Amino acid sequence: MIFSILLLLKVLLFMSITNIEHNKGIIFFTSLVVTLLIFSLVHFSQYRRKNLLGLIIYGFISFIMFADVMYYSHFNILPTVKLLGLMGQVGAVGDSLKELFTIKNAIFLLDLPFIIFFVIKSPRNESKVYDRKIRWGVQYLFWQFLYVY
């Protein structure tokens with residue numbers, strides 16, 4: 001649950017930094033539903049270390065958002081999948097990355113050590129098993145929201 005809330009706060013910050021002007025509500029609602037879907041899949045799974053899996057997903061999404069914000073800060077456009085092939089040339093822009101590394105951009109990664117500490121110190125009794133109807137029903141509702149919306 002904490003991962004969902006923190007990720008939604010990061011989505012709001014991401015929308016602020018990237019100057020989303022049109023369809024803010026739709027973008028946020030879609031992000032909300034996708035975030036809740038992803039973390040409900042983790043929560044209702046039968047995996048024993050749910051906090052660890054949630055941390056891995058949260059860290060991965062945080063890193064992608066950080067890379068997108070850094071790219072947007074330099075080029076004023078969000079990166080595309082096609083640009084991933086150019087990742088080998090990142091070393092050529094190393095000096096400009098130092099200038100772009102602001103506290104506002106760093107927020108996307110600064111919370112990770114605290115979240116890691118939280119996961120390490122949290123109790124290990126995460127193996128609660130839910131009824132099959134509840135597990136599938138929640139995900140079905142999220143998929144319906146995505147489909148309808």
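I take buried to mean under 20% relative accessible area, exposed to mean over 50%, and partly exposed to mean in between, with a 1.4 Å probe and protein chains only. With that settled, I looked up the overall figure and found that buried residues make up 32% of the 149 residues in the protein.

**Ground rules.** I note that this is a predicted model, in which local features need pLDDT of at least 70 and side-chain atom pairs count only at pLDDT 80 or more, while totals for chains, interfaces and linings use all residues. Residues are numbered from 1 along each chain as its sequence is written, and side-chain values use heavy atoms, with hydrogens and water left out.

**Elements.** I counted seven helices and zero strands in the protein, these elements being DSSP runs numbered from the N terminus (helices are H or I with at least four residues, strands are E with at least two). Read from the N terminus on, the order is α-α-α-α-α-α-α. I then turned to contacts, meaning heavy atoms within 4.5 Å: of the contacts in the protein with a separation of 6 or more, 78% are between residues 24 or more positions apart.

**H1 with H2.** I looked up how the axes of H1 and H2 are placed, and they come within 10 Å and cross at roughly 155°; such axes are lines fitted to C-alpha atoms, for helices over the stretch in contact, and the angles run from 0 to 180 degrees between N-to-C directions. H1 and H2 are therefore roughly antiparallel to each other, since angles over 145 degrees count that way, under 35 as roughly parallel, 65 to 115 as roughly perpendicular and the rest as oblique. The crossing of H1 past H2 is right-handed, a word used if the near helix is turned clockwise from the far one by less than a right angle, with left-handed for anticlockwise. On the H1 side I found Phe3, Ser4, Leu7, Leu8, Val11, Leu12 and Met15, which meet Lys24, Ile27, Phe28, Ser31, Leu32, Thr35, Leu36 and Phe39 in H2. The residues of this contact of H1 with H2 divide into eleven nonpolar, three polar and one charged, where Ala, Val, Leu, Ile, Met, Phe, Trp, Tyr, Cys and Pro count as nonpolar, Asp, Glu, Lys and Arg as charged, and the others, Gly among them, as polar.

**H2 with H3.** Next I followed helix H2 (residues 24-43) to helix H3 (residues 50-75), whose axes come within 9 Å and cross at roughly 155°. H2 and H3 are therefore roughly antiparallel to each other, and their crossing is right-handed. Ile38, Phe39, Val42 and His43 in H2 meet Lys50, Leu53, Gly54, Ile57 and Tyr58 in H3, and by class the contact of H2 with H3 has six nonpolar, two polar and one charged.

**H1 with H5.** For helix H1 (residues 2-17) and helix H5 (residues 103-110) I found axes that come within 11 Å and cross at roughly 155°. The crossing of H1 and H5 is left-handed. Lys10, Leu13, Phe14, Ser16 and Ile17 of H1 make the contact with Lys104, Asn105, Ile107 and Phe108 of H5, and the contact of H1 with H5 has five nonpolar, two polar and two charged residues.

**Aromatic pairs.** How many aromatic pairs does a search of the whole structure find? The search finds three, with rings of Phe, Tyr and Trp (its six-membered ring) pairing if their centres lie within 6.5 Å, and planes under 30 degrees apart counting as stacked, over 60 as edge-to-face and the rest as tilted. The rings of Phe3 and Tyr58 have centres 5.7 Å apart and planes at 40°, so the pair is tilted. This pair links distant parts of the chain, Phe3 in helix H1 and Tyr58 in helix H3, 55 residues apart. Both Phe3 and Tyr58 are buried. The rings of Phe14 and Phe108 have centres 6.4 Å apart and planes at 85°, so this pair is edge-to-face. Phe14 counts as buried at 15% relative accessibility, and Phe108 is buried with a relative accessible area of 0%. I also noted that Phe3, Phe39 and Tyr58 form one aromatic cluster.

**Loop between H1 and H2.** Asn19 lies in the loop between H1 and H2 and has a positive phi of about 55° although it is not a glycine. Asn23 is found in the loop between H1 and H2, with a positive phi near 60°.
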